[in-house]
Amino acid sequence: MKLRPRAIVSGAAAMTLGLTLSGIVSSTAGAAVNPSKATSAAAFGGLSGLIKAAKKEGTLNVITLPADWANYGNIIKDFSKKYGIKITSENPDGSSQDEINAVNQLKGQSRAPDVLDMGTSFAVTAAQDGLLAPYKVASWASIPSTAKASNADWWDDYGGFVAIGYNSKKITDPPTSFKDLLKPEYKNEVAINGNPTQASAAFSAVYAAALANGGSLGNIQPGIDYFQKLSQEGNFVPVQAGASTVESGQTPIVIWWDYLQASEVASQVPGWKIVIPTDGHYAAYYSQAISATAPHPAAARLWEEYLYSVTGQNLWLQGAARPIELASLVKDKTVDTKAYAALPAAPKGTVKFPTQTQLTAAQTLVTQKWAAATGG
Amino acid sequence: MTTTTVSPEQPRTWKQRRSSIIAALGLLPFGVYTILFLGVPALAVVVGAFQSPTGGWTWSNISIASHGVYAHGFVTTIELALVTSIVPGLAGVVIAYAVLTMKGNALRRIVSTASGVFANFGGVPLAFLFIATLGTTGIVTSWLNTLGIDPYQHGFTLFSFIGVSLVYAYFQIPLMILVITPALEGLRPSWREAAEGMGARSWEYWRFVGGPVLFPSFLGGVLLLFGSALSAYATAEALTSGSIALTSIQIGSFLNGNVLAGQQNVGKALGFGLIVVIAVVMVGYSILQRRSSKWLH
């Protein structure tokens, strides 16, 4: 391939960002329907039309989906087998911001991500920037209205509760609440999964602690105060907790998403128990979206239909995540009862989610105050 | 630079000219590499620091980055970089000198190979190595406990400024040994013999001969350590989860996180701040360097 000087410069700029040039830009052919603009399977003349269009594309690019996260390993395998569509999985351990960056930087290339699975605040920002293609899956009505964009730019997929996990072989007096964790017997034993100014799991632990200590979705300050106290009491270990720190014995108690504890810690540490704290209930869901510049627009839409089918929803459930349509699955008796029974008991009543304004305010406050509150 | 020498009266032959062109071509990959991987990203950081998310020019990123927790972050980062460059720097010189003056080549080779390995060890694996040894349930901590010493009862914690400094020393000391050894080897025994012949005592030799000769190299080594401490990221992040305000971790929250959306340019402003810090240190370094190496010429 012959490159003109300008092309070398722009190609080199892309390489600076860790990318390589790829020659082929897939064409979005299709005489009757433009799959990039389809907002439901009906545009393809129903699901069979969508499957046909997707098979013709033959490939789907997904990004930041770790195999041991919410059962994505099996979901990817099953989808590929079922439809004969090859899935390219990029940067499995990346963050939501990495997804947005990939959409922006790979625009127009065949390697660009087709579908996204990200934190809701990132979905909202991406929608404002016009990066997402609106689409309604067949079971759209089963997704609660607070868990989707009214213009169908994004919709929630799966989530879970902030939970306390502990190694029952080391912890003889099981903690059941945030209040319990302040007991002197847990000195140097309580950790969270990362930096709350960076990792949403850790940030959510602070939110849950706020709810347990007189705070609200509009007031996260008591959560910061709680971790300050936990730190002063000497119970808080500021290590980024994970299976390895649990196995080494450094973090026998971890506050983290219930489904990630199930897939990443309980699978490695026999005797790992997970409880949802009695005094602070905080749940969050991730959001799905289709990239407006997806190189495989039909496959992207088929992937969404698959995820929101009974099969897809139950696959997430088998990964100990709570699919967004769980309530309808239970009602219709299509739920995988074994996987459902294995979830830690959910608190009674409906769970409330913060609004975008509340979330942004809470994030700003934690960013400002976390280091001062927990610094030694 | 070319290896051929050209005498002034003779015109350069084609052969000589060709070899200097080839030499310049040899530099080209490095030049391209530097522009692509240092120049372009640095420019993007500096430009981004002054842009709003929509692309207009603004001071607000710089203003956010220079106040409150971010200003505090710069102070802590510079403190950490100073502590973990000067102390391991001195330790590295002493160790390298001790090894050089010992008899036998085997130890020297072992130390330099080991330094090469340790100096490049970092990130989350390094953090985990220390958790497994000096964490509250670490092996070394348990040994100390059986001896009746519990470091955690005496104000020590691995997950603090002092802990992070200790972990940084793990790669900083070997790095210093690597860079200072050639300078130490350059100290000629005859200088010492001459000094002693004129009645100098050991400290006088170091004060008036060895010290001044070594000082420029020592300064260069400390500068390298300062830079590596300033930019270290993953180890501190894994050990402290952001409970120490460090600029590199704060940049990570903006550029790479799952929590803060749409504020990457504040992260770039923080990156710009680090560039300024390094620039100031470099200017100070070159002034000191010039002054301290003047008499050598």
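**View 1. B:L43 lies in helix 1 (residues 14-49) of chain B.** Helices here are DSSP runs of H or I with at least four residues, strands are runs of E with at least two, and both are numbered from the N terminus. The structure is a predicted model, in which local features need pLDDT of at least 70, side-chain atom pairs count only at pLDDT 80 or more, and totals for chains, interfaces and linings use all residues. Residues are numbered from 1 along each chain as its sequence is written, while chains are lettered from A and ligands numbered from 1 in the order in which they are written. B:L43 counts as exposed because it has 11 C-beta neighbours inside 10 Å. By the rule applied, a residue is buried if 20 or more other C-beta atoms lie within 10 Å of its own, exposed if 12 or fewer, and partly exposed in between, with C-beta atoms placed from the backbone. The C-alpha atoms of B:L43 and B:F272 are 9.6 Å apart in space, although 229 residues separate the two in sequence.

**View 2. Helix 9 (residues 202-231) of chain B bends by about 50° at B:G211.** The bend is the angle between axes fitted to the seven residues ending at a residue and the seven starting there. Among the buried residues of helix 9 of chain B are B:V213, B:L214, B:F218 and B:F226. The buried residues of this helix pack against helix 3 (68-101), helix 7 (161-185) and helix 12 (264-293) of chain B.

**View 3. Chain B contains 12 helices and zero strands.** Buried residues make up 32% of its 297 residues. The C-alpha trace of chain B spans about 65 × 60 × 30 Å along its principal axes. Of the contacts in chain B with a separation of 6 or more, 72% join residues 24 or more positions apart; two residues are in contact if their C-beta atoms, placed from the backbone, lie within 7 Å.

**View 4. Chain A meets chain B through 39 residues of chain A in contact with 37 residues of chain B.** Elements giving two or more residues to the chain A side include helix 1 (5-16), strand 7 (236-240) and helix 14 (356-374) of chain A. Helix 14 of chain A gives the most, with six residues. The chain A side divides into 14 nonpolar, 25 polar and no charged residues. Ala, Val, Leu, Ile, Met, Phe, Trp, Tyr, Cys and Pro count as nonpolar, Asp, Glu, Lys and Arg as charged, and the others, Gly among them, as polar.
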